[in-house]
Amino acid sequence: MSTKAFKENKISQMKEKIDKAQVAIVTEYKGYTVEEITKLRRALQKEEGDYMVTKNTLAKLAVKGTPYEVLTDSFKGPIAIAFGFGDQVAPAKALSTFIKDTKKGEILAAAMDGKLLSAADAKALANLPSKAEIYAKMLGCINSPASGIVGGINGVMSALVRAVAAVRDQKTA
């Protein structure tokens with residue numbers, strides 16, 4: 001495969017990922033071994049994401065004309081881009097955990113909904129609860145009043161049954 005064809009293939013692969021992505025996070029991957037990158041890719045794939053090591057010029061060409069074009073200025077040095085296709089928080093959490101565990105690399109920037117997030121904002125994104133956690137909390141809030149009503153009705157009913165049972169026991173004795 002010629003160099004030009006290889007580059008065009010790489011750009012088209014990246015454009016496919018960009019079209020599906022909900023969030024893109026630019027990281028520095030300096031010092032990672034192949035095993036570590038593979039481990040990170042597997043962790044991101046579990047969270048509906050992907051991790052792509054790329055050249056800066058190819059990344060600039062791939063993001064041109066997309067909502068992720070705001071990341072262009074952060075394409076300096078050895079970079080890789082993590083894409084999140086489902087939950088926007090999960091890839092940031094996976095990256096943050098990986099960087100903390102390996103003590104290598106760092107998050108440089110992120111983009112979500114066409115807006116550029118600084119490194120600090122991207123790290124803060126990792127501290128937010130995931131969609132599943134938010135849904136669980138919402139359901140708990142919705143369910144709580146109903147559970148309270150059921151508990152109150154059950155308490156009244158059981159008190160009534162105990163009172164009737166006590167009267168029955170008095171009359172039979």
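User: How many salt bridges does the structure hold?
Analyst: The structure holds three salt bridges, each being a side-chain nitrogen of Lys or Arg within 4 Å of a carboxyl oxygen of Asp or Glu. The model is predicted, so local features need pLDDT of at least 70 and side-chain atom pairs count only at pLDDT 80 or more, while totals for chains, interfaces and linings use all residues. Residues are numbered from 1 along each chain as its sequence is written, and side-chain values use heavy atoms, with hydrogens and water left out.

User: Which residue does Lys17 pair with?
Analyst: Lys17 forms a salt bridge with Asp50, and their closest N and O atoms are 2.4 Å apart. Because Lys17 lies in helix H1 (residues 3-20) and Asp50 in strand E2 (residues 49-54), the pair ties together parts that are 33 residues apart in sequence. Helices (H or I, at least four residues) and strands (E, at least two) are DSSP runs, numbered from the N terminus.

User: Is Lys17 buried or exposed?
Analyst: Lys17 is buried, at 19% relative accessible area, and Asp50 is buried too, at 12%. Buried means under 20% relative accessible area, exposed over 50%, and partly exposed in between (1.4 Å probe, protein chains only).

User: What about Glu36, which residue is its partner?
Analyst: Glu36 forms a salt bridge with Lys104, with the closest N and O atoms 3.1 Å apart. Glu36 sits in helix H2 (residues 34-46) and Lys104 in the loop between helix H4 (90-102) and strand E4 (106-112), 68 residues apart. Glu36 is buried at 18%, whereas Lys104 is partly exposed at 26%.
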